[in-house]
Amino acid sequence: MDQRKTPEYLIEVFADPTCVKDIVRGILHTIFFHRYFPPICPATVEILDFTLPLVTDPELETLIETRVGQLVRQMSSTSSPKSSVRGLMSISFFEKKRRKAGAGLGWWTGKAEEEVCWEKWGLEVTLATPRTEDERTKVMKAIGSSLQKTAMKILAIVNRDKEHIPPITTSGANPFPYSIEINPRVEGWGRGLGMF
C-alpha cells in the first residue's frame, strides 16, 4: 500500500475587522475552485479591487459562510486593541476508499469505506486593528498586497502539485468529501477514535 505523506499547505493572510469575512471567504473559494471537481458555473467576486474565483454550490457556500462566521466571532471575542489576533482554519480533502477485510474498526462500525485525507490547507488569519486613519490606510494597502500574494501562492501550488490527487471514479456528484475546521486540534490517536 502506498503510504505517502498528505501534502499540507499553509496560507497566511492579513486582514482588519472591516474586511476579514470577505478576505477569508475569497481565499476559501479560491482553494475550492481548484479542488472541487463537480461541474460548476464559474463566477468571480471582487475583493479590494482584486478578482477571485467563486464556487456557486449552495451547500459549499453555506458551509463557507458558517465557518467564516465562526472564525470571525472567535477572533472578535479574543481581540485586543493593543495586539493582533490570530485564527486558524483547516481545509481537508478526502478520498473514499474501501476498507480491507478486517482492517481497523470497519468490521465493528459496519462501514465498508473510509475517508483518507489527500490534501490539507491551513489558513492562518491575522487580524489587525488600526487605531488611526493613517494606520488604516497603510493596513488596507498591506491587506490588498497580502490578498494578491496569497491568491498567487494558491495558484502556484495547485498548478504545481497535482500528482497526489486521486482519480475521479464517479460522475456528477462531488467525488471527494471535504471539511473546514476552525482552530483544529493536533492529530492524535484519540481524535481518530472520536474520543477527544
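Reply: A crossing of two helices is called right-handed if the near helix is turned clockwise from the far one by less than a right angle. That term is needed further on. The model is predicted.

First, the setting. The chain has five helices and six strands, and from the N terminus on its elements run β-α-β-β-α-β-α-β-α-β-α. Of its 196 residues, 38% count as buried. Among contacts between residues at least 6 apart in sequence, 74% join residues at least 24 apart.

The helix to look at is α1, residues 20–35. Helix α1 has 16 residues, and the distance from its first C-alpha to its last is 23 Å, close to the 22 Å expected at 1.5 Å a residue. Because 12 of these 16 residues are buried, α1 is largely enclosed by the rest of the structure. The buried residues include V20, I23 and V24, and the run from R25 through G26, I27, L28, H29, T30 and I31 to F32 is also among them, as is R35.

One partner of α1 is helix α4, residues 133–160. The two axes come within 10 Å and cross at roughly 15°. Angles under 35 degrees count as roughly parallel, and α1 and α4 are therefore roughly parallel to each other. The crossing in which α1 passes α4 is right-handed. On the α1 side, the contact is made by I23, I27, T30, I31, H34 and R35; on the α4 side, by I143, L147, T150, I154, L155, I157 and V158. By type, the residues of this contact divide into nine nonpolar, three polar and one charged.

An α-helix has 3.6 residues a turn, so residues three or four places apart point the same way.

I27 is worth a separate look. This residue lies in helix α1 and, because its relative accessibility is 2%, counts as buried. Leaving aside neighbours within four places in sequence, I27 is in contact with L147, T150 and I154, and also with I11, V13 and L123. The C-alpha atoms of I27 and L52 are separated by 8.0 Å, although the two residues are 25 residues apart along the chain.

S146 has 14% relative accessibility and so counts as buried. Setting aside neighbours within four places in sequence, S146 is in contact with E12, V13 and F14.

Technical notes. Residues are numbered from 1 along each chain as its sequence is written. This is a predicted model: local features need pLDDT of at least 70, side-chain atom pairs count only at pLDDT 80 or more; totals for chains, interfaces and linings use all residues. Side-chain values use heavy atoms; hydrogens and water are left out. Helices (H or I, at least four residues) and strands (E, at least two) are DSSP runs, numbered from the N terminus. The expected span of a helix is 1.5 Å times one less than its number of residues. Buried means under 20% relative accessible area, exposed over 50%, partly exposed in between (1.4 Å probe, protein chains only). Axes are lines fitted to C-alpha atoms, for helices over the stretch in contact, and angles run from 0 to 180 degrees between N-to-C directions. Angles under 35 degrees count as roughly parallel, over 145 as roughly antiparallel, 65 to 115 as roughly perpendicular and the rest as oblique. Contact means heavy atoms within 4.5 Å. Ala, Val, Leu, Ile, Met, Phe, Trp, Tyr, Cys and Pro count as nonpolar, Asp, Glu, Lys and Arg as charged, and the others, Gly among them, as polar.
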